[in-house]
Amino acid sequence: MSLSSSSSPSMPAAAEPQLKRVVVCGGGVIGICTAFFLAKKAAASVSITVVEKSSVACAASGKAGGFLALDWCDGGPLSELARTSFNLHRSLSAELDGPTAYGYRPLRTLSLSLSASTSPSSTRKPAHIIPDWVDGPVRNASTIGTVETTAQVHPQLFTRTLMAEAKAKHGVEVVTGEVERVEVEGGRATAVVLKEEGGRPAVLPADAVVLALGPWSCRLVVISSLFRVSGLKAHSIVLKPRNPDAITPDALFLNYHPSHGGKALDPEVYPRPTGEVYLCGMSKDAKVPDDPEQIEGDEESIRMLHKIAGEVSSHLGEGEVEVRAEQACFLPCTDDGRPVIGEMPDIKGCYVATGHSCWGILNGPATGAAMAELVLDGQASTLDLSPFSPARFLSGSRRRQHA
Ligand SMILES: Cc1cc2nc3c(=O)[nH]c(=O)nc-3n(C[C@H](O)[C@H](O)[C@H](O)COP(=O)(O)OP(=O)(O)OC[C@H]3O[C@@H](n4cnc5c(N)ncnc54)[C@H](O)[C@@H]3O)c2cc1C
């Protein structure tokens with residue numbers, strides 16, 4: 001029997017190094033929620049730094065709809081994550097969202113069919129649930145969310161409010177730079193190496209690293225050597241109607257049938273407390289550019305969103321609105337459709353949180369809270385992270401070793 005066995009009572013396991021520096025890579029909703037909850041939970045002796053290539057919430061986290069649903073993920077692996085996060089959004093809004101901070105509000109949500117070829121008068125049943133501003137040729141209306149089960153935030157303002165709070169109250173710092181790789185020594189993450197630019201120090205020493213790089217996750221070899229995150233491009237427009245008071249807080253999930261008989265589309269419409277109306281849809285596979293600032297919407301997709309806006313409501317047609325944004329961004333998607341949240345197998349202190357697909361704004365708070373517990377306490381108590389473990393991508397025999 002070997003005397004060096006780590007299970008020997010006379011030989012205590014080597015103590016974990018004391019956590020002093022945590023570096024969170026990526027300033028989207030997932031990275032910022034993680035930094036926020038880390039900062040709230042950590043002792044003052046732990047320094048927390050966010051590294052962001054461009055600006056906080058410059059990508060999907062700033063251009064998303066911001067729709068939140070309590071129970072739409074029920075029955076699947078995201079159920080506990082989504083329910084926990086929906087409730088965290090409510091408590092965060094009580095803590096942080098003043099009258100104008102980031103526009104959290106409960107919403108009613110309707111499902112509607114919109115068909116350019118049908119006359120409005122024959123189709124407005126049941127009329128009592130359709131708000132007056134939805135005066136286009138809609139039918140098959142049903143309520144799919146109530147003010148108890150659906151809500152919204154302005155995603156960019158939400159993410160930036162959390163960052164501002166983490167900075168003001170807890171001293172979290174944002175470094176602008178591009179993460180190139182994670183330095184690993186003796187099976188442990190020791191630093192984040194940045195692309196050298198303008199004489200700035202290129203290495204940030206770290207006791208723990210959290211990788212929250214959205215659809216750019218696989219640019220880092222530590223991630224791409226284990227699993228894939230692809231980007232699905234989606235488009236959106238933001239309109240300011242001339243008469244914003246006419247628009248009630250009702251989110252619309254549309255099934256749209258174009259008049260020329262093309263493929264049915266599923267655009268979404270979110271009125272915002274700012275008086276703006278956000279529409280999104282038109283997703284397609286496309287290459288994710290290196291620079292998040294270079295992501296542009298395709299003309300045809302943007303044109304279609306304007307057409308749908310004008311057909312669903314006369315308040316949103318050309319001449320009735322000021323166009324505030326025409327944009328696109330990428331959903332971060334994993335091959336099994338589940339986010340990846342956990343410590344990387346074989347690299348102590350290297351954590352990943354990505355692949356939130358179309359629910360990153362909803363699931364940001366619970367992801368951040370659970371990740372903060374995992375990093376600081378060694379395990380998450382907010383929710384069970386095992387369905388999201390990166391170890392699920394290991395090949396069979398290695399997965400069994402990690403179980
Ligand atoms: C059109 C659209 C509508 C959506 N609507 C909703 C919705 O209503 N509700 C909902 O819950 N979700 C919605 N989503 C999904 C949600 O936006 C995403 O799941 C979420 O924003 C992903 O956040 P993230 O932090 O993982 O990634 P991102 O927001 O992409 O952030 C990643 C960040 O990492 C930075 N970065 C990348 N590489 C590097 C590097 N090497 N070094 C440093 N920084 C780097 C990027 O600049 C970026 O800021 C929507 C998405 C789209 C596209």
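Biologist: Before we look at details, what pLDDT does the protein average?

Modeller: The protein averages a pLDDT of 91, and 91% of the residues score at least 70.

Biologist: And where does pLDDT stay under 50?

Modeller: That happens over residues 1-14, for which the model has three contacts beyond four places in sequence. Where pLDDT is low, the predicted coordinates should not be read in detail.

Biologist: OK, how is the protein divided?

Modeller: There is a domain 1, made of 21-91 + 154-228 + 335-402, and a domain 2, made of 108-146 + 231-334. Taken over C-alpha atoms, the centres of domain 1 and domain 2 are separated by 30 Å, and the contact takes 29 residues from domain 1 and 24 residues from domain 2.

Biologist: Switching to the ligand, how many residues surround it, and which are the closest?

Modeller: The ligand is surrounded by 37 residues, and the closest are Glu52, Ser61, Phe67, Ser357 and Leu362. Each of domain 1 and domain 2 gives at least three residues to the shell around the ligand.

Biologist: What's the shell like, in nonpolar, polar and charged residues?

Modeller: Its residues divide into 23 nonpolar, eleven polar and three charged.

Biologist: Which backbone atoms lie by an oxygen atom of the ligand?

Modeller: A backbone N or O atom of Leu362 lies 2.7 Å from an oxygen atom of the ligand, while for Phe67 such a backbone atom lies 2.8 Å from a ligand oxygen, and for Ile30 the value is 3.2 Å.

Biologist: How much of the ligand does the protein bury?

Modeller: Taken alone the ligand exposes 1000 Å², and the protein buries 97% of that.

Biologist: Which elements give two or more residues to that shell?

Modeller: They are the helices α1 (29-41), α2 (60-63) and α7 (360-377), together with the strands β2 (47-52), β16 (277-285) and β17 (321-334).

Technical notes: Residues numbered from 1 in each chain as written. Predicted model: local features only at pLDDT ≥ 70, side-chain atom pairs only at ≥ 80, totals over all residues. Heavy atoms only, no water. Near = heavy atom within 4 Å. Polar contact = N/O pair within 3.5 Å; in protein donor to acceptor, adjacent residues only side chain to side chain. Areas by Shrake-Rupley, 256 points an atom, 1.4 Å probe, with all protein chains shown as cover. Helix = DSSP H or I, 4+ residues; strand = E, 2+ residues; numbered from the N terminus. Nonpolar A, V, L, I, M, F, W, Y, C, P; charged D, E, K, R; others polar. Domains from an automatic or database assignment. pLDDT = per-residue confidence, 0-100. Contact = heavy atoms within 4.5 Å.
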